[in-house]
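Me: I have a model open and want to go through it piece by piece. Can you take my questions as they come?

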Amino acid sequence: MSLNAPPSLPNLAASRTGPSLPSLPEHPVLYQIYTRPDLQQIHDWELMDRAMEVCMEAARLDKDDTENKNRLLVMKTAKDRLRKDLNDRLPPLTKQEAQNRRRSLEENLYINLLQDGYYETFQEIFHLINKQAEDRLKGGPDSILWHRAQLTQQPNKIDMMARLLKEAEDAARLGDFSDVYISHFALAKFFQAPEDIWLADHFFENCLTYSSLIPTDDGMRTAEARCQVGLSAERQGDLNKAIENLTDYYRLTYGHTWLSGSGLAMHADACSQLTRVYSTLAMQCQEEENMIASLEYYEKAFKFANESEDTNLISEMTYLLGTAFEKAGDMQIALKHLNNYLESSLSADDKDGMSKAYEAIALVHQVEGRTDEAISAFHEYTKVAEMTNNDKALAKASLRLGALHNCIGNYLQSAGYFIKAFSVSQSEGSDRVLINASRVQYGISVAHRMLSRYTRHFDKDSLPYWERLLDWKECKKNEFDKPLPERVSEVRREVKRVQQYRQETDEKLKEKKTAASVSTKKPRRSSVYVKRPSEPTQL
């Protein structure tokens, strides 16, 4: 009988009489446990013993079944060999270890924490696991939380949480809240994956709570925790709470030279964070067309940007403030800020900044009606776009220049700029909006260029002008750019035409009269021919 593929266990329920025994389901792995002594581990000794009892009972029920007896003998021998081999290599399991194997990871963790006296750690982990389960049920099968792995399915995260929380609880019993803060801050930094960010927010809140219990750092830990809580609120979309916490961060770091973990000055970092949040609020107000509130937020952001002493941040906020005033209709202040932004971009040789500045300045001049200044700014914008090989910016600048020349009546130059915009945008091959706009604007400029000469032909009450108009209507033959006919030649042609018309009319009248006279004349009578004698007739 093969040991690797033994026959199936007998059906005890059908063959046995008397007291019933629990039946053992057929399972190939269970046979391998008994018949392969080289296995290095076993999951359940009691299950193994129970299988042995079932096989022995089956052998007693059918004493004549030689095959069953042989199987029983093989399994007993295999079991003894396996037990001996495992006892030699592995220490025997205690009752507690066997129970631990039967319990889940979550249950073992709770029991160990409570046995070791870490009640606060138990409460913290129990709260987080239950909160995740409640949020998952609340979201339902259609939510993303339903498909995320639970904490109970991630032993590495549970172990990290338990280890650091136990360290924090030990430090709290000793009154060392600085170490408590460090443990919770380390946990928050550990859970930075997108699916674990809710855990990071929770531990940052704990850091803020414990930071107030540290009397020796002059509020540095509190400032750091305020910053992290503010960033957490910003991620969740609560900008007012973010500003509240970041303002506390700014206030606590004012006048101090503290450095963050990344080596940045904490006060400058607070200014940068507030600049970003106020800018976001200002943009939201712009979308809601609340320009007064938007300008207020932009001015606050500009103030914090100046205090941060970050030149790039100051330049960016100068540009945003200038465009905000331009949208609000205050062109003078907008032009002032945009010129400052242009100067900073020129000093830093920032080509992108120069392009943005020239475009915004040109638009302000265009709105104010200063066409020459607008054209000059757009020319500079075009030069920068050509230097940087920015086809999209070059196409936009050409469109703007064509529109300006079209407005002041330079239709030929306008058409040239529109052709340039079309060719550049077509070579780029991506922006269909620019391509279609170039086509339409070019057609408009050509029509404007024709319009003055076209309308002059309507004003003349003369045949040559009408002929040109008819040619345009019939076959779009454009002869409006040709010189207009002189008055003398026009009169001569008119006279010649009248004379020719009169001559043709006279000839037609003569033909009609001739035809009429022929039709009214009487027919001749037939005459008798009388021969005149050449000589007198002789009698």
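Me: Start with His337: buried or exposed?
Reply: His337 is buried, because its relative accessible area is 12%. Buried means under 20% relative accessible area, exposed over 50%, and partly exposed in between, with a 1.4 Å probe and protein chains only.

Me: Where is His337, and what does it touch?
Reply: His337 sits in helix H16. Leaving out residues up to four places away in sequence, His337 touches Thr318, Leu321, Gly322 and Phe325. Contact means heavy atoms within 4.5 Å. Helices (H or I, at least four residues) and strands (E, at least two) are DSSP runs, numbered from the N terminus.

Me: What should I know about the source and the numbering?
Reply: This is a predicted model, where local features need pLDDT of at least 70 and side-chain atom pairs count only at pLDDT 80 or more, while totals for chains, interfaces and linings use all residues. Residues are numbered from 1 along each chain as its sequence is written, and side-chain values use heavy atoms, with hydrogens and water left out.

Me: How many helices and strands are there in the chain?
Reply: The chain has 23 helices and zero strands. Of its 539 residues, 36% are buried. Taking contacts between residues at least 6 apart in sequence, 51% join residues at least 24 apart.

Me: Go to H17. What span should it have?
Reply: Helix H17 (residues 351-368) has 18 residues, so at 1.5 Å a residue it should span 26 Å; the end C-alpha atoms are 26 Å apart, which agrees. The expected span is 1.5 Å times one less than the number of residues.

Me: Which residues of H17 are buried?
Reply: Gly353, Met354, Ser355, Ala357, Tyr358, Glu359, Ala360, Ile361, Ala362, Val364 and His365. The cover over them includes helices H15 (311-328), H16 (331-347), H18 (371-387) and H19 (391-407).

Me: What caps the N-terminal end of H17, and what follows the helix?
Reply: Asp350 is the cap, with a side-chain oxygen 3.4 Å from the backbone nitrogen of Asp352. After H17 comes Gly369, with a positive phi near 85°.

Me: Which residues other than glycine have a positive phi?
Reply: Asp349 is one of them, with phi near 55°; it is in the loop between H16 and H17. Asn389 also has a positive phi, about 55°. Asn389 is in the loop between H18 and H19 and counts as exposed because its relative accessibility is 63%.

Me: And Asn436, where is that?
Reply: In helix H21 (residues 432-459). Asn436 counts as partly exposed because its relative accessibility is 36%. Its C-alpha atom is 8.2 Å from that of Phe422, 14 residues away along the chain.

Me: Change of topic: how many cavities of 30 Å³ or more does the structure hold?
Reply: Two. A cavity is a set of points, on a 1 Å grid over the protein atoms alone, where a 1.4 Å probe fits but cannot get out; lining residues have an atom within 4 Å of a point. Points are joined across faces, edges and corners, and a volume is the space filled by probe spheres set on them.

Me: What lines the second largest cavity?
Reply: Leu105, Glu106, Leu109, Ile129, Thr152 and Ile158 line that cavity, which holds about 30 Å³ of space. Helix H6 (residues 105-116) gives the largest share of the lining, three residues.

Notes: 1 Å grid on protein atoms, 1.4 Å probe; cavity = no way out; pocket = protein on both sides within 12 Å on 5 of 7 lines; lining within 4 Å. Polar contact = N/O pair within 3.5 Å; in protein donor to acceptor, adjacent residues only side chain to side chain.
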